[in-house]
Amino acid sequence: MKTLLTTIIAIGLFLAQAQAQQSAIEKFYQKYENNKAFTVVYVSQHMFSLFSDLEAEDKEDQMVLELLEDLKGLHILVTEENPERYYQEAINLVKDPAYEVLMKVREEDTQLQIFVKKNGKIIDELLLLVQEDDDEFVLLSIVGTIDLKKIALLADSMDIEGLEYLERVETEER
């Protein structure tokens, strides 16, 4: 009985911690989604599922459609006001062991960091944080079952601010 109780408490603590880790970036997004200083984009799982009815014209389109079927959501925040502050705030949220650094780039006055959150070998979240000089902060979070080989194709196929940074994932993977 004591072992069962200890196991239940341990599982409860693990689930509570996983929920807190899962929602750190979500809370950041929610904190600023109504702030007029931000451009805000949210694409729901339902919106992605609407693409499943489309027919692919070529192999690249087919890969994009397959990727979209596995996505649960896309969140983007962009601001030109005080980008360094928001970048540092977001970076502090991902100092959590749940997030693994996939790539860091510092080029002149631009900082780019890409993180993944995994469940075993499956990537559940791809998080991209960018600070361009004093010009712009971008947070992009893609949640779902993510294939890094296909993710850059998403950047090419959708014209949404912030997605252009995903092309660096493809470049880094080669």
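Reader: How many salt bridges does a search of the whole structure find?

Author: The search finds three salt bridges. The model is a predicted one, in which local features need pLDDT of at least 70 and side-chain atom pairs count only at pLDDT 80 or more, while totals for chains, interfaces and linings use all residues. Residues are numbered from 1 along each chain as its sequence is written, and side-chain values use heavy atoms, with hydrogens and water left out.

Reader: What makes the pair of Glu89 and Lys31 a salt bridge?

Author: A salt bridge requires a side-chain nitrogen of Lys or Arg within 4 Å of a carboxyl oxygen of Asp or Glu. For the side chains of Glu89 and Lys31 the N to O distance is 2.9 Å, so the pair meets the definition. Glu89 belongs to helix H4 (residues 83-93) and Lys31 to helix H1 (residues 2-32), so that distant parts of the chain, 58 residues apart, are linked. Helices here are DSSP runs of H or I with at least four residues, strands are runs of E with at least two, and both are numbered from the N terminus.

Reader: Why is Lys31 called exposed?

Author: Exposed means over 50% relative accessible area, buried means under 20%, and partly exposed lies in between (1.4 Å probe, protein chains only). Lys31 has a relative accessible area of 53%, and is therefore exposed.

Reader: How do you know that Lys118 and Glu100 form a salt bridge, and where do they lie?

Author: Their side chains meet at 3.9 Å, N to O, a value within the 4 Å limit. Lys118, at 41% relative accessibility, counts as partly exposed, and so does Glu100 at 40%.

Reader: What is the closest distance between N and O atoms in the salt bridge of Glu125 with Lys117, and are these residues buried or exposed?

Author: The closest N and O atoms of Glu125 and Lys117 are 3.7 Å apart. Both residues are buried.

Reader: What joins the side chains of Ser141 and Glu125?

Author: A polar contact of 2.7 Å joins them. The term denotes a pair of N or O atoms within 3.5 Å; within protein, one must be able to donate a hydrogen and the other to accept it, and residues adjacent in sequence count only if both atoms are side-chain atoms. Ser141 is placed in strand E6 (residues 136-146). With a relative accessible area of 3%, Ser141 is therefore buried. Leaving aside residues up to four places away in sequence, Ser141 touches Ile25, Gly73, Leu74, His75, Glu125, Leu126 and Leu127, where contact means heavy atoms within 4.5 Å.

Reader: Why does Thr79 count as buried, and what does its side chain reach?

Author: Thr79 has 1% relative accessibility, and therefore counts as buried. The place of Thr79 is in strand E2 (residues 71-79). Its side chain reaches the backbone oxygen of Ala37 at 2.8 Å. Among the residues that Thr79 touches, not counting those up to four places away in sequence, are Phe38, Tyr86 and Asp135.

Reader: In which order do the six strands form the open sheet, and which are the edge strands?

Author: The order is E1-E2-E6-E5-E4-E3, with antiparallel pairing. The edge strands are E1 (38-44) and E3, because each pairs on one side only; two strands pair if DSSP finds at least two bridges between them. E2 and E6 run antiparallel and are joined by eight bridges, and Gly73 has Val143 in E6 as its bridge partner.

Reader: What do E3 and E4 form, and how many residues lie between them?

Author: E3 and E4 form a hairpin with two residues between them, and Glu108 in the turn has a positive phi of about 55°. Their antiparallel pairing extends over eight bridges, and the bridge partner of Met103 in E4 is Ile114.

Reader: What does the secondary structure of the protein chain come to, and how much of the chain is buried?

Author: The chain has six helices and six strands. Buried residues make up 40% of its 174 residues.
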